[in-house]
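Let's take a friendly tour of a protein model, one piece at a time. Keep the picture open while you read.

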Amino acid sequence: MAKKSSLHVIPVKVEPASSLSATERDAVLQACTELKALAGALMPILHAVQAGLGYVPKDAVPLIASELNLSRAEVHGVLTFYHYFRTQPPGRHVVHVCRAEACQSVGAAALEAHAKKSLGIDFHQTTADKTVSLEPVYCLGNCSLGPSIMIDNQLQGRVSPRRFDELMAKARAT
Amino acid sequence: MSVKVFVPRDASAQGVGANEVADAIAQEASRRGIDMQLVRNGSRGLYWLEPLVEVMTDRGRVAYGPVTPDKVAGLFDAGFTEGKAHALHLGLTEEIPYLKNQERLTFARVGITDPRSLQDYLDHDGYRGLKAALALKPEAIVTQVMDSGLRGRGGAAFPAGIKWKTVLATPAEQKYIVCNADEGDSGTYSDRMIMEGDPFVLIEGMTIAGLATCATRGFIYLRWEYPDAKIALDAAIAAATAAGYLGDNVLGSGKPFWLEIRMGAGAYICGEETSLLESLEGKRGQIRYKPPLPAIAGLFGQPTVVNNVITLASVPIVLDRGADYYRNYGVGRSRGTLPIQLTGNIKRGGLIEKAFGVTLRQLLYDYGGGSLSGRPIRAVQVGGPLGAYMPESQFDTPLDYEEFAKLGAMVGHGGIVVFDDTVDMAAQARYAMEFCAIESCGKCTPCRIGSTRGVEVIDRLVAGQDAAKQEILLRDLCNTMINGSLCALGGLTPYPVISALNHFPQDFAKAAAAKAVG
């Protein structure tokens, strides 16, 4: 009599446990589902998650790793390598201040100091009212009309401290 | 008759109010019942005049600038729609000396056409290069590029034709064309201007590269800092695909070419070609050992052409007008034209496409009109954050890859950053090391550790702590970085440091001098 195997292997993919909120989990899974067929999908997925949520939650790492069949270390490594990806929720507006040489030659250092003082925060921080996050950036490609900043996706040139305050007042009101 | 008005959509022009000006013009025209066609063109590159508004007249395009929204009603009152006089009137755009004295080959259409319109591109000699290429065998296309003398415009100046030849000669199921649009050097924006102002020329250049090397897939690796370029490229790729210039069967030739955009995420090192390939593969942007060269084992291990935006965008005119036409511009081994970006503390900053051979002094004073602050120009940094600082005594150097190399400087991507006499060169040297420490990929020790040690040594040197010894140490460290780093980031960061130290030693000795006085 043939011996019947008592072991049945049922392929089950267990989703890694995480503290992601339902919105976060949906955003991550949606990005993975839509993009994981791409060659080199990890960067487009991280971009999609950040575009949707404004940041990539740290707890998304195991989920993305499991979806892409990568190790958590690989996903964590990529997420933390690139300056643009953030793991904390940003304020309503993200303001990037250029620190590169062309802007330095027309007063970027003074603008940077003013921005930090007037907002009361350092780089990589968000104002207490959650309206503005401040980030450094190395060149916005506006080198003939510096000092430059970018508010969300909108470039601004010839930004004097006074103009910075006007732009911030406008941004924080919306 | 409808009047045609041009207001740039270029990101820099937007940064000084071009969108608000366009809105104001549209509103004013509608209020006055004027039938107007408003074109959002690329920038002419005369940035100190932005927002530069142009109107089409019988005599040609007439320019006004810099226009602000509050000047718009006055422009209408003065009759600007007929090209009439006004305080902001600049005459015929083409006659503005800054523009008239250029040799615009790669930038032939930028600022002239509507970057969203494929028809406009075709009406201005667009896709003639591709049509010429389709009549040629891959080897013949490669020969044209080789004979043109075109060298990589991203900074390394490696002959484009040799890369292409290697990829063509390497058999593989799948080959790739990768466009390096990670324009991270401070003082450069010519890639951005092409992508925003004439995206079709880049698409055409990449398609020709595909035909020349039998590569069927292209990627544009675009930095996230250029969202407007993304929008322009997306629209152009969609239009080119719909019209059969991209896709399964390029212009009925039976040859496919597909193009995709991938976004970078703020890592300067990804402008280095092997880091870029790692990033495209979804990894950390760490550089690869060479060999193997990307032309033999590049993206996903396959033969890959990696070229900068300007290099690829210069290919269509080479194929259209012939290798000799392009080659006849330039000097020595630097053939053709270079889109130079005059930036920083400069009165008339902008894009100047000139044949190689023009001197820094001509650019800084004849074109640039001196510093923006009105103070003397003390130093310029050419070639991005890894380029040498050049003092006034070197301003007569002609722009030429070899002439710059002789001085321990580099032309790079053609960016010139101007500093006036208030600059502290020791602070600039320190910044070069600091930047390298922030942006190092971490793969090799001279770059990863050397840059941090560099900041510390410069701090001690400037503080006057055993200065003579610190200088020896700094020079030794720079030597280690130059000779021991795997790629140009660690290998070139010492150039701004050493040049600052050689040409402006007094800036490093302030504390010591103060002590001596005290």
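## A strand with two partners

In this predicted model, strand β1 (residues 93–98) of chain A runs parallel to strand β3 (residues 132–137) of chain A, and six bridges join the two. To find the pairing on screen, look for His93(A), which stands opposite Val132(A) in β3(A).

β1(A) also pairs with strand β4 (residues 149–151) of chain A, but here the strands run antiparallel, joined by three bridges. A handy landmark is Val97(A), opposite Ile149(A) in β4(A). Strands of a sheet pair through backbone hydrogen bonds, and both parallel and antiparallel arrangements occur. Is β1(A) mostly covered or uncovered? Mostly covered: five of its six residues are buried.

Now hop over to chain B and find helix α19 (residues 467–484). This helix has 18 residues and reaches 25 Å from its first C-alpha to its last, close to the expected 26 Å.

Its buried residues are Gln470(B), Leu474(B), Leu477(B), Cys478(B) and Met481(B). Why do they line one face of α19(B)? Look down the helix axis: these buried residues fall within an arc of 100°, so they line one face. They pack against α18 (445–462), α20 (488–492) and α21 (494–503) of chain B. On the face turned away from the buried side, α19(B) carries exposed residues: Ala468(B), Lys469(B), Ile472(B), Asp476(B) and Asn483(B).

## Where the chains meet

Finally, see how the two chains touch: 47 residues of chain B are in contact with 34 residues of chain A. On the chain B side, the elements giving two or more residues are α1 (11–15), β8 (258–263), α12 (273–280), β12 (337–344) and β16 (415–420). The residues on that side of chain B divide into 20 nonpolar, 19 polar and eight charged.

Methods. Residues are numbered from 1 along each chain as its sequence is written. Chains are lettered from A and ligands numbered from 1 in the order in which they are written. This is a predicted model: local features need pLDDT of at least 70, side-chain atom pairs count only at pLDDT 80 or more; totals for chains, interfaces and linings use all residues. Two residues are in contact if their C-beta atoms, placed from the backbone, lie within 7 Å. Helices (H or I, at least four residues) and strands (E, at least two) are DSSP runs, numbered from the N terminus. Ala, Val, Leu, Ile, Met, Phe, Trp, Tyr, Cys and Pro count as nonpolar, Asp, Glu, Lys and Arg as charged, and the others, Gly among them, as polar. A residue is buried if 20 or more other C-beta atoms lie within 10 Å of its own, exposed if 12 or fewer, and partly exposed in between; C-beta atoms are placed from the backbone. Two strands pair if DSSP finds at least two bridges between them. The expected span of a helix is 1.5 Å times one less than its number of residues. The arc is that of the directions from the helix axis to the C-beta atoms.
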